[in-house]
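Dear colleague,

Please find the structure below, followed by a short account of what was found in it. I would be grateful if you could read the two side by side.

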Amino acid sequence: MTSLQLSAKEEMVEKFLDAAARGDVSQVSTLLSHAPSLINKTGFSGWTALMLAARNGHHHVAEKLLSLGTITSHLSSLHLQQEDFTLCRFRYEDVKDLLQKPSTVMIFLGIEKVKNPPSSSQTVESVSEPPVWFAVNTDEDAAVLLKRCREKNCLFPRSPNRDLLKLSEEEAGIVAQARSVLAWHSRYSFCPTCGSSTRPEEGGYKRSCLNSECRSLQGVHNTCYPRVDPVVIMLVIHPDGNQCLLGRKKVFPAGMFSCLAGFVEPGETLEEAVRREVEEESGVKVGPVCYVSCQPWPMPSNLMIGCLAVAMSTDIKVDENEIEEARWFPRQQVIDSLFRGARPAFVFPPRQTIAHQLIRHWICMNSNL
């Protein structure tokens with residue numbers, strides 16, 4: 001027997017826990033009649049059948065387990081921690097010479113929120129104005145630029161898409177805004193109508209053609225604004241409601257599976273894009289689609305639109321030009337993988353990603369916890 005295979009005892013425990021997680025009180029009762037000791041067994045995640053039944057809102061199963069004498073004092077405290085780091089901030093005096101260079105692009109980000117508004121008793125002189133923040137795109141060498149920073153342990157992200165996940169939610173939003181707008185400036189320095197140079201206006205959120213005769217300066221087509229590219233990302237639910245479809249690309253870390261995703265095409269609704277992308281990548285046909293939430297993803301300017309979708313078919317036929325593999329994962333395997341049990345079925349997407357939140361949302365549906 002290899003290390004990846006389960007013993008007969010382990011397999012029975014997994015079947016029992018899966019039945020509790022799915023709300024199958026009949027199978028729970030049958031398995032307990034053959035092996036009463038299963039009642040307080042835990043899976044690789046450390047969860048008992050009672051925990052799983054309560055987590056997924058199956059009160060009838062929880063009541064059955066309590067009536068049979070399950071131990072309720074068994075607790076599992078699981079915490080996922082990730083070390084965060086903060087942004088490097090430069091004062092105006094540190095970079096004012098860079099702002100004089102023609103190649104430097106500066107955009108306005110906003111005014112910092114005041115956490116403690118001034119009281120009515122404070123005088124105007126005693127109230128300091130909140131900082132105003134800008135982002136700068138410069139050709140200055142990164143190592144030389146870091147020497148200008150007054151803060152200690154400053155660094156620039158080596159892998160922006162991964163390092164972005166290490167930031168706090170507030171700072172990740174700042175980076176997303178800055179990166180998206182500055183990337184747009186680098187790609188749209190020339191007018192798409194006549195090919196002449198353009199200049200930034202309105203704090204960096206508009207570019208106008210420098211050719212006074214360009215027709216883009218007339219009527220409603222007088223400006224060019226930053227673009228946002230909509231992407232649907234969806235968790236596809238099996239018709240039985242207790243499995244979800246996840247896929248992996250070759251570029252993913254080993255063992256990681258995530259939600260399917262793809263760009264919305266011109267003329268498509270979000271629902272149509274979800275159905276098309278799922279069928280193209282996995283061969284699975286999708287029916288009802290429900291919007292859940294969204295997340296900006298500045299690579300360079302995507303808006304990830306998260307949805308749940310219900311499958312109308314279950315056979316998988318992967319388009320290897322799109323993804324490497326796709327599988328149906330039972331709810332119990334997903335829960336074990338989320339809480340990093342001893343033998344997780346796959347590696348979860350990072351907690352800051354919308355893919356992680358979509359999967360977690362599905363796990364917690366109908367839960368009263």
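The patch lies on the surface and consists of Met-106, Phe-108, Ile-111, Val-132, Phe-134 and Val-136, which together have about 500 Å² of accessible area. Such areas come from the Shrake-Rupley method with a 1.4 Å probe, and for residues only the protein chains shown count as cover. Met-106 is located in strand β1 and is partly exposed because its relative accessibility is 38% (buried is under 20%, exposed over 50%, partly exposed in between, with a 1.4 Å probe and protein chains only).

Please note that this is a predicted model, in which local features need pLDDT of at least 70 and side-chain atom pairs count only at pLDDT 80 or more, while totals for chains, interfaces and linings use all residues. Residues are numbered from 1 along each chain as its sequence is written, and side-chain values use heavy atoms, leaving out hydrogens and water.

The structure contains six aromatic pairs (rings of Phe, Tyr and Trp, the last by its six-membered ring, with centres within 6.5 Å; stacked under 30 degrees between planes, edge-to-face over 60, tilted for the rest). Among them, Trp-184 and Tyr-188 form a tilted pair, 6.4 Å centre to centre with 35° between the planes. Trp-184 is buried, at 1% relative accessibility, whereas Tyr-188 is partly exposed at 23%. Phe-346 and Phe-348 form a stacked pair, with 5.4 Å between centres and 15° between the planes. Phe-346 counts as buried at 3%, and Phe-348 is buried at 11%. Ring pairs also join Phe-257, Phe-329, Phe-346 and Phe-348 into a cluster.

Two arginines place their charged ends over tryptophan rings: Arg-89 over Trp-133, 5.3 Å from the ring centre, and Arg-331 over Trp-362, 4.5 Å from the centre. The criterion is NZ of Lys or CZ of Arg within 6 Å of the ring centre and within 35 degrees of the ring normal.

Overall, the chain has 11 helices and 10 strands, and 38% of its 369 residues count as buried.

Yours sincerely

Conventions
Patches are made of residues with over 30% relative accessible area and no salt bridge: like charges are joined within 9 Å, nonpolar side chains (Val, Leu, Ile, Met, Phe, Trp, Tyr) within 5 Å. A salt bridge is a side-chain nitrogen of Lys or Arg within 4 Å of a carboxyl oxygen of Asp or Glu. Helices (H or I, at least four residues) and strands (E, at least two) are DSSP runs, numbered from the N terminus.
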